[in-house]
Amino acid sequence: MSEETAAKQALLEERSRALFQDSVERIDMRTRSRLTQARHAALEAAERARPRAWFMRLPVLTSAAGVAAAMVLGVSLWLHAPVAHHGAVSADAASFEDLDIVAASDNSQDNVEMLQNDLDFYAWADKAAGEEPSA
Amino acid sequence: MSGFGTLTAAWMVADGPAPATRGVVLEQTRALDKFLAEIERRAFRMAQVALRDPDDAMDAVQDAMLKLARNYATRPSAEWRPLFYRILENGIRDLQRRRTVRKRFMTWLPGPKEDPDHEAQDPLDSVADNAPAVPDVLMQHQAMQKLEASLRELPARQREAFMLRNFEGLDVAETAMAMGCSEGSVKTHYSRAVHTLREQLGEVW
């Protein structure tokens, strides 16, 4: 590049830079205010996006842990809940069923007597078993 | 409050939330504020030169500020300037692309054709200003308009290289980082831009 060309280039650079800087300084107040607002919004966004220390997140962590524990408990209760199988009836349920049959039948008086006899028999058998060693 | 909660609260009051970290965060926020305040007007004017529309320029600058603050605030401050201009140039390109699509779409629509770039003129703008025009200011304003028009006619990469190097004062390496290209490409784009501008603006400008 010749000296003359370099000088012309430098002149162009200098002049355009000065003009640009001048136009920057003439930016109106409304635009300046909007730029300031945009800057503040950006700084707030940076603050929100910043990763926080664990102790700053403690309330959130505690709530999250509570929710997680409740969910685990709920799932475990659901998975281990007793399942009612058809045909398999527990002892208590059978006793109630017997009483229902006795009460619901047509000759209920006979059935009640039969049940009473059974009870008498079991009482006697129990007593006899208690006396057996002395015999 | 549970025992654990009381203990935690007492510990936080006694120790405070890690003062060193807080100090670093405050310092970083102040540095970012200072950086953005320093470049915001130049960035706005550069976006305005490229986009013409001041509202679009404002959107581009605001978006660049937000993205820089959200994603790169923790990066070393020396990297902020090229990163900011890279985001800004990408935003400008996106807006220009959207405008092109909008223009094409508008040509397909029936009815009177309206240039979406054409700003709604404020009637007050056409009212003659009675204040005496200061010749120097007027001449500078005209010269700047001429420069802006010439810059808009440049290919986008040449315009970017010229504005980043000459207006923003980035060095070749920073410009290359901002433009996402090699330093050699920056030199080529810049040299071509200067050559074209000299031809367009003439010797007297």
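Predicted model: local features only at pLDDT ≥ 70, side-chain atom pairs only at ≥ 80, totals over all residues.
Which residues have the most contacts inside the largest nonpolar core? The views below take that up, starting with the core itself.

View 1. Residues are numbered from 1 along each chain as its sequence is written, with chains lettered from A and ligands numbered from 1 in the order in which they are written. The core has 46 residues, and those with the most contacts inside it are B:Ala47, B:Ala60, B:Val61, B:Ala64, B:Met65, B:Ala69 and B:Leu88. Helix α2 (residues 19-51) of chain B gives the most to this core, ten residues. A nonpolar core here is a set of buried Ala, Val, Leu, Ile, Met, Phe, Trp, Tyr and Cys residues joined through C-beta atoms within 7 Å; buried means 20 or more other C-beta atoms within 10 Å of the residue's own, with C-beta atoms placed from the backbone.

**View 2. Around B:Ala60.** Leaving out residues up to four places away in sequence, B:Ala60 touches B:Ala47, B:Leu51, B:Leu88, B:Gly91, B:Ile92 and B:Leu95. Contact means C-beta atoms, placed from the backbone, within 7 Å.

**View 3. Helix α7 of chain B.** In this helix (residues 172-179), B:Glu174, B:Thr175, B:Ala176, B:Ala178 and B:Met179 are buried. Their cover includes α4 (80-108), α6 (156-167) and α8 (183-201) of chain B. Just after α7(B) comes B:Gly180, with a positive phi of about 70 degrees. Helices are DSSP runs (H or I, at least four residues), numbered from the N terminus.

**View 4. Where chain A meets chain B.** Here 29 residues of chain A are in contact with 34 of chain B. On chain A's side, α2(A) gives the most, with twelve residues.

Notes:
Buried ≥ 20, exposed ≤ 12 C-beta atoms within 10 Å, placed from the backbone. Helix = DSSP H or I, 4+ residues; strand = E, 2+ residues; numbered from the N terminus. Contact = placed C-beta atoms within 7 Å.
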